Protein chains: 4
Amino acid sequence: MIRLECDYLEGAHPAIMDALVKTNMEQTCGYGLDPHCEHARNLIQEACCNPDAAVHFLVGGTQTNKTVIGAALRPYQGVIAAESGHINVHETGAIEACGHKVLTLPSDDGKITAGQVDRLCHAHFFAQEGPEHMVQPAMVYISNPTENGTVYSAKELGELRRVCDKYRLYLFLDGARLSYGLACPNNDLSLEFLSRTTDVFYIGGTKCGALFGEAAVISNPSLNKDFRYAIKQNGGMLAKGRLLGIQFETLFTDNLYFSLAAHAIRLSEKLRLAAQKMNIPFRYDSPTNQQFLILPDSFLEELQKEFSFEIWEKTDGTHSAARFCTSWATKEEYIDLLIKKLEKAPSV
Amino acid sequence: MIRLECDYLEGAHPAIMDALVKTNMEQTCGYGLDPHCEHARNLIQEACCNPDAAVHFLVGGTQTNKTVIGAALRPYQGVIAAESGHINVHETGAIEACGHKVLTLPSDDGKITAGQVDRLCHAHFFAQEGPEHMVQPAMVYISNPTENGTVYSAKELGELRRVCDKYRLYLFLDGARLSYGLACPNNDLSLEFLSRTTDVFYIGGTKCGALFGEAAVISNPSLNKDFRYAIKQNGGMLAKGRLLGIQFETLFTDNLYFSLAAHAIRLSEKLRLAAQKMNIPFRYDSPTNQQFLILPDSFLEELQKEFSFEIWEKTDGTHSAARFCTSWATKEEYIDLLIKKLEKAPSV
Amino acid sequence: MIRLECDYLEGAHPAIMDALVKTNMEQTCGYGLDPHCEHARNLIQEACCNPDAAVHFLVGGTQTNKTVIGAALRPYQGVIAAESGHINVHETGAIEACGHKVLTLPSDDGKITAGQVDRLCHAHFFAQEGPEHMVQPAMVYISNPTENGTVYSAKELGELRRVCDKYRLYLFLDGARLSYGLACPNNDLSLEFLSRTTDVFYIGGTKCGALFGEAAVISNPSLNKDFRYAIKQNGGMLAKGRLLGIQFETLFTDNLYFSLAAHAIRLSEKLRLAAQKMNIPFRYDSPTNQQFLILPDSFLEELQKEFSFEIWEKTDGTHSAARFCTSWATKEEYIDLLIKKLEKAPSV
Amino acid sequence: MIRLECDYLEGAHPAIMDALVKTNMEQTCGYGLDPHCEHARNLIQEACCNPDAAVHFLVGGTQTNKTVIGAALRPYQGVIAAESGHINVHETGAIEACGHKVLTLPSDDGKITAGQVDRLCHAHFFAQEGPEHMVQPAMVYISNPTENGTVYSAKELGELRRVCDKYRLYLFLDGARLSYGLACPNNDLSLEFLSRTTDVFYIGGTKCGALFGEAAVISNPSLNKDFRYAIKQNGGMLAKGRLLGIQFETLFTDNLYFSLAAHAIRLSEKLRLAAQKMNIPFRYDSPTNQQFLILPDSFLEELQKEFSFEIWEKTDGTHSAARFCTSWATKEEYIDLLIKKLEKAPSV
């Protein structure tokens, strides 16, 4: 069975395992205050060209999302997100459990626009009978890449920043798969740009080569105030915090974080171009490490005997979109075999 | 200025004021355990033909909604509602503040169907990768009448009950304007039916003749367990609870609750039939005490000089729907004057 | 049966009932934005000599406490209170339900000192391994009078203010029984002083002559930001808000609020002095409207046949403290009868 | 510097690191549903002689505590714990952030008794004016070993179980350092006994040889219902859940979990007996891996030049209790050196 159903099937890149083993018997203090975390923070500040950014390490994405959002909002405030946003769909209501509504915007490709945010905020702050009967928008949450593999351009992010400034909203970018976004062909973002444009974003480790771990980069000092209390209260303060430091130290040494993503993107592109050539339609136009191919259900059933992948959604009575992911760990031969198989797909 | 913008412009029906003054110097214990509350509870149980129903008095609608929903759900559970549902739009995130997501269903007229609930639950409980990544549906919230003045039929409620049983969901009916629903021409519901069909519903006082107050009727004993703790924790336990008892005692004596509504409905019908005759279109087909007339913006501007009402929404570039409410306190001459005025409206 | 078990046995002072009846058919907008609320706000600002103070009306004490505290604190912050504080003991965890810990200080008489607060804060902010593993103190909650009938002096409040400034804590005074505190013989506080010294306090109506209602006075503008959202989310925004405005309008006209309290204090003093003369010991030295007399259990049992009061606590194997409350509505003859009865108490 | 300040200074036991490296490139599904987790669950069920117990893996202690407690309680319920309990002091209000009060009992040695629980519950459920004004006790939380290194006997736990049954409370045992408790000389508990006696307990990994991880063992099926939703919502569902499975697989193979603890206990006993012989007083009588020695402040200052340890608390004007921890990773020579040093301590 060739497994392509997600990008967290294996452990960590061997360089990370080596670092963990090598440092195993070191004695350090806990809770992220050790020298490895300190070093990793410096490396990330450098990569962001932002020595003033605060960097905090958390274990996973849901934890990071709820810690950041919970720390940012007042009780009556909500966070704007695409209907398909991870916080709205796949976190078992973790944001609501912190007391906050997710204010959703429709989106076909997972992205939201500055115009949508503007209209939602205008409707709220200029409501006829006073806005206080409704949840106050206070943050915009986006993912890059989105759940659908699409990416924001620098222009789009700049526009979101401006509408956030207009209504005094925080801008928060979930980067669970950030490396794959930054490595994709039509990307024009950089860590520096993200750290200047958002109030907070995070650099995903779990899906990008680490065993686990997300590095939250907070550029807005008011959001950083007492942030360690928020981490601890949310159960996100790892006792042996150095495990996170060591992993991000390794990822941000010798460009590893980006070269791992480059491998995944090269294979994903290979698949994409091949499918394009075969006139297989795509559910989303994804330049990142997830490809959503629309194929006949009967063919998909056949394919599942040799490949594992996710059935994303029915697209019509006889077809579905199937999601194929590459990662730092994907072998090129797997993609070659998949392409060969696809060539036998009946035309849609 | 003739005011028709909502149904809580005045104090209470004079019979209620009389009762409050008459009992003012009585000494009673607090927190809803006094003889007036006891009596009112009995009167409501009788009106529901349900001596086993538990009856609790709360001060307002938002408070009742969050107390009931918060008491019913486990932390990872959510409540299904129409997108336009009061809990989703007009309670400043009170439900989310209790930790729960509102799982929304699209609806044009404010009603949701058993089929919609079934599809949402099916998608959840049979999710490909395990349902635990998503909020678990556990309750259906409906209003009767809805925000749009529409009402459920006994058949529709029965179907909702069945789908609730299928997926083990509570069925909760918000009756903030219940009297107007029960008094409307095409109603086929009764308090008895509601108490048999829902797990919990409430009988609105605030908008139906009282100074304030909602009577929650709980038929499902598991929901009633420790409910007084929930009321107290939610800040809903009125120290001088008898004020609620006295009001509901009065409303449920000599059929007052229903006769007040009958007055409002008669005037609302008068307006509705007149507008129909004039070929004025309606935004919703409402048989209750709210009428949503679509009129030219220029005419509405003119009308606002003499009448107050709510501009509900733009319906096209030059028209809007305007909401006119009647209540137990509305004078017939006001509706007559409005009808006369409408006769001068340019045809749409 | 002569009832002295609490200070909310009756409805409202007749002047309030008159005002409610007289205004009953007025049409006003809802949610506390009507002219009566506006007028009452002005009267209270004047009484506080503080035209910049924000005044909000809420229905009850628990609701006010959780709304104020929930609006003030960040998620990882807590509120300091006496162990016997109402928020810690008698609100069914309403503060915790908003996510906040009550950080308790021991107190025999219900009061806490600046020194206690200082030590608690010092221990927190200078904790050996970083304070972020513990709840951060951010507010001091006191009641005046306390649950035990005791009152703070201006000097004590000034000291609390200073320690709050030192550690950047909010100072919040629960005034559920405030009128009785301000009217007592050894009081040296005033509404003006309270509004200058606290960040927020409230003027209790429920226990001081109103049907219900508490007026929160917020002097610190940062606390007032978006406060109406907080009221709505907490279910505390009364639809017919004018009911609160009309009551406080009445209480703050012709000095009613204070003259009602003066009556209660006069009777409470009469009881206190009589008991002192009889050498009956007191559980607390209360100059306000609650007297806590230590009496033999056998005598209390006898007394309960004619008088209702609260058994506060056992003080030894054969004695208990009993609480007797006076209020604006207490008749002098009741206190006279009680005194006569007490004269038959066996000496302790 | 010889470090003895806590029991999580190093990474993991080498056998765990080996297992992680060996399995690194395996492809498995996520979220704890992989074969390693399945295997580890079986091994723990066997060790508990309880094939019906549910076993869930979480990353850390605070996360486990809030997930278990949040899943167990209704909103108005609280958890009983010692004042010094970890959930009350060192989790930044994580329990309150889930909405629940910690109902504290005084304790000098970190343990609470059945009698204390009984009195607290009796006072609640038989409260004079109805219990609903107070938080309802619904769970007892204990740690074994406690924060102070003390342990419960089977008799004491049995009594707690009975009082829990009497008042229908859950019994939850925090086993962050469980291995050290089970390995200590006067222990008479076993995993089997714990799984029969508690509703839920957890087997600590972080402080007992793993990189991280706690295994919650739930014997009460009603507590286990939907527990995976609770884990996910609390941000505790590790994407690469197998990391937890692999670690517990290793710990529960060849008795590793217990032999690691035996090493720590042997060294701790060595220290304890030596200190006893020197007549050094102990703050607590701890048979586990933490020793709390009372020493002159001047000597402690001297000692800190070569050893790191925690200053626990001042015991009088010139002495403090110092905490020394051993662990699976402590070298015997370190303890020998410490003992040699202590011999130079001035007698107290």
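Modeller: Let us begin with a term: a salt bridge is a side-chain nitrogen of Lys or Arg within 4 Å of a carboxyl oxygen of Asp or Glu. K225(C) forms one with D226(C), where the closest N and O atoms are 3.1 Å apart. The model is a predicted one, in which local features need pLDDT of at least 70, side-chain atom pairs count only at pLDDT 80 or more, and totals for chains, interfaces and linings use all residues. Residues are numbered from 1 along each chain as its sequence is written, chains are lettered from A and ligands numbered from 1 in the order in which they are written, and side-chain values use heavy atoms, with hydrogens and water left out.

Colleague: Is K225(C) buried or exposed? And D226(C), buried or exposed?

Modeller: K225(C) counts as exposed, at 57% relative accessibility, whereas D226(C) counts as buried, at 19%. The classes are buried under 20% relative accessible area, exposed over 50% and partly exposed in between (1.4 Å probe, protein chains only).

Colleague: Let us change topic to the interfaces. How many residues does the contact take from chain A and from chain D?

Modeller: It takes 42 residues from chain A and 42 residues from chain D, contact meaning heavy atoms within 4.5 Å. The two chains bury about 3900 Å² between them, 56% of it on carbon and sulfur atoms. In chain A, Q27(A), Q233(A) and K240(A) lose the most area to chain D, together 18% of what that side buries. Buried area is the accessible area (1.4 Å probe) that two parts lose on being put together, summed over both.

Colleague: How many salt bridges cross between chain A and chain D?

Modeller: The rule finds zero salt bridges there, but 30 residue pairs in polar contact, both residues at pLDDT 80 or more. A polar contact is a pair of N or O atoms within 3.5 Å; within protein, one must be able to donate a hydrogen and the other to accept it, and residues adjacent in sequence count only if both atoms are side-chain atoms.

Colleague: Which salt bridge is found between chain D and chain C?

Modeller: K101(D) forms a salt bridge with E96(C), at 2.5 Å between the closest N and O atoms; it is one of two across that interface. The contact takes 21 residues from chain D and 21 residues from chain C, and about 1700 Å² is buried, 45% of it on carbon and sulfur atoms. T92(D), E96(D) and K101(D) supply 32% of the area that chain D buries against chain C, more than any other three residues.

Colleague: What rotation superposes chain D on chain C?

Modeller: A rotation of 180° with 0.0 Å of shift along its axis superposes them, with an RMSD of 0.0 Å. The two copies are thus related as by a two-fold rotation axis. Copies are superposed by least squares on the C-alpha atoms of residues with pLDDT of at least 70 in both. 100% of the interface residues of chain D are also interface residues in chain C, so the copies meet through the same surface.
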